[in-house]
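The stops below are in the order in which to select them.

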Amino acid sequence: MPLIFHDVIVQPSTNYLDYNYYTSLFENDLKAVIPESFLLIASLIVLLYGVFLSNSKDKNYPILVVNASIISILSLLFTIILLWNNPISRATIFYNNLLIDDLALFLKILILLGGLFSIAMSLQYIQNEGLNQFELQLLILLSSVSMLFLVSAADFITMYLAIELQSLAFYVMAGVKRDSEFSTEAGLKYFLLGAFSSGILLFGLALLYGFTGTTHFSEVSKIFICGSDSLRFGFSSLRGCELGMVFILVGFLFKLTAVPFHMWAPDVYEGAPTSVTAFFAIVPKVSVLAVLLRLCYQGFYDFMVPWQKMLILSSIASMVLGSLAALSQNKIKRLLAWSSIGHVGYLLIAISCGTVEGIQAILIYLVIYLVMTIALFAVVLCPLRREKISSLNSDKLEISRLKYLTDFALLSKTNPVIAITIMITMFSIAGIPPLAGFYSKAYLMFAAMSASQYLLAVVAILTSVISCFYYIRIVKIIYFEKPTTLLTFIQISKESSLVLAVTFTFILFFCLNPAPLFLATHKTALAFCF
Amino acid sequence: MVEFVAILIYFVIALALAGIILGLSFVFAKQKADPEKISAYECGFDPFDDARSRFDIQFYLVAILFIIFDLEVAFLFPWALTLSKIGLFGFWSMMIFLIILTIGFVYEWKKGALDWS
């Protein structure tokens, strides 16, 4: 049965002065978006606070990065609390434009947590690097708002607008370090390809609207189930809908950096400041995948055969290229970019299953992938600057950045605790049994097998074996390789070490009690089906 | 739609008139070009240095601000026309939009994007 939401609270009325709409608007609709409104208002307040204080002569033009970060973390935290305590758990609101259900709640909390952790762990980095613009945190807040809307979008227009708001914030964030050529190049590249992919997406939406006459997910799916007369008898309009769907999927695959459309990702990941890269790697995948999931399972479920083929193809290509191209990388951020492309391949397997297990697998994978990526980027971020021991005698310390994989060498001696953390995280991403990463991959394979996607499962296992090589190569560098120049770490900040501790504990001890996550994701996936 | 035909005709006539006025000066004026006449005019002196110069970022800022507030006006037009029908709800919806834009404007102001000194 296709997934339609029956409990529509607000029936769209043509009369704007309709009394019923008013009562429902103020009793339900506005209440249901309290978390989003709070975050939006908070970001506007951060904007005003930052611009007034940082330009005040009396205060001697203070740098507000730390303040803005802490306010942002707090407002994200309060948004999570508001979301958690939201009394309205299932509704379609604002003339069926937004949709609130368990899946949206789950993914929204995931997005906010990702944003929160990525701000916390980049606090030290942005201070060291001199990224003294409070706008960076502000943009994280604003893009989080848009991602919250994106997750609960139930309409093509809402979806497109939310994607654009999110992307626009990202373009600015990628190019935020104006004195770095790499950063500006990354910003430009991201902007051009992002705008191109948005254009493709928009063309697909326009085609679909032209052939069906509606922009709402579940109405589109209703048309596809029973078929309006023109759709049933008109061969060409069905083809038109399929064409639109292909364009939409291509747009989404662009945003997800799945393989035929991945070319911008390694450059953007490498060029953007590392704190921004961390945010890119962690958060937007969740929101884009959420809306893709909604679109595929709610809007296009009856078109499953064509979109499944596309996703399977893209998934296989992503897995193969992600694992093979990462083999030859020497730079950390590029390696992580290729590795994330491979992970998108695994996530696409789960979408192309088309089953409840598929949804559950994608949720589990997202949670665990998020935690592992946070741990990795926390490591890449915090000791980013290392002092060369050889130059200790001179009064000016020579500082070099952690850029190449070989910079990790001898970490086991200089900082054994971080070395163990990286080792465990790498083993987890590679999928070594008792760690969290194993569970996500295993459940994914189960889902793929039970949906008879044997080819995907086999390719996934083979590529994950290949990708073990480069994950474990890092461990080898840390423990067994001799560095050319001796480097030491600067002390890690409290926030980063806290983030690392939390994620490390999760990865290591997830096996002791995996039930809560499995139950929560199962409940979420089931709620999505009715 | 029909009233646009008059505007189109007006457009064509205006173009033709401008062309005629421009063309007449070519027909009736004497044209004797020499190097002094066609060289760049810099207050009577020869050009001092390269004609290229750094472009002031302020021009971009003003252009971008214009685009943003131009869009704002585009949203205000239909609102202003239908204000009697959409009632207090419509009024406050637009006010929220304007407040958000105003916060953006305050940001620009305090940031110094409007200073030309």
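This is a predicted model: local features need pLDDT of at least 70, side-chain atom pairs count only at pLDDT 80 or more; totals for chains, interfaces and linings use all residues.

Residues are numbered from 1 along each chain as its sequence is written, chains are lettered from A and ligands numbered from 1 in the order in which they are written, and side-chain values use heavy atoms, with hydrogens and water left out.

Select residues 332-353 of chain A, which form helix α16. Helices here are DSSP runs of H or I with at least four residues, numbered from the N terminus. The 22 residues of α16(A) reach 32 Å from first C-alpha to last, close to the expected 32 Å; the expected span is 1.5 Å times one less than the number of residues. Of these 22 residues, 21 are buried (under 20% relative accessible area, 1.4 Å probe, protein chains only). Step to Gly354(A), just after the helix, where phi is positive at about 75 degrees.

Next, show chain B against chain A: eight residues of chain B are in contact with 13 of chain A (heavy atoms within 4.5 Å). Pick out Phe89(B), Tyr107(B) and Lys110(B), which supply 51% of the area that chain B buries against chain A (accessible area lost on putting the two parts together, 1.4 Å probe, summed over both).

Finish at Lys111(B) and Glu135(A), which form a salt bridge with the closest N and O atoms 3.0 Å apart (side-chain nitrogen of Lys or Arg within 4 Å of a carboxyl oxygen of Asp or Glu). The count between the two chains is one salt bridge.

Note on methods
Helices (H or I, at least four residues) and strands (E, at least two) are DSSP runs, numbered from the N terminus. Buried means under 20% relative accessible area, exposed over 50%, partly exposed in between (1.4 Å probe, protein chains only).
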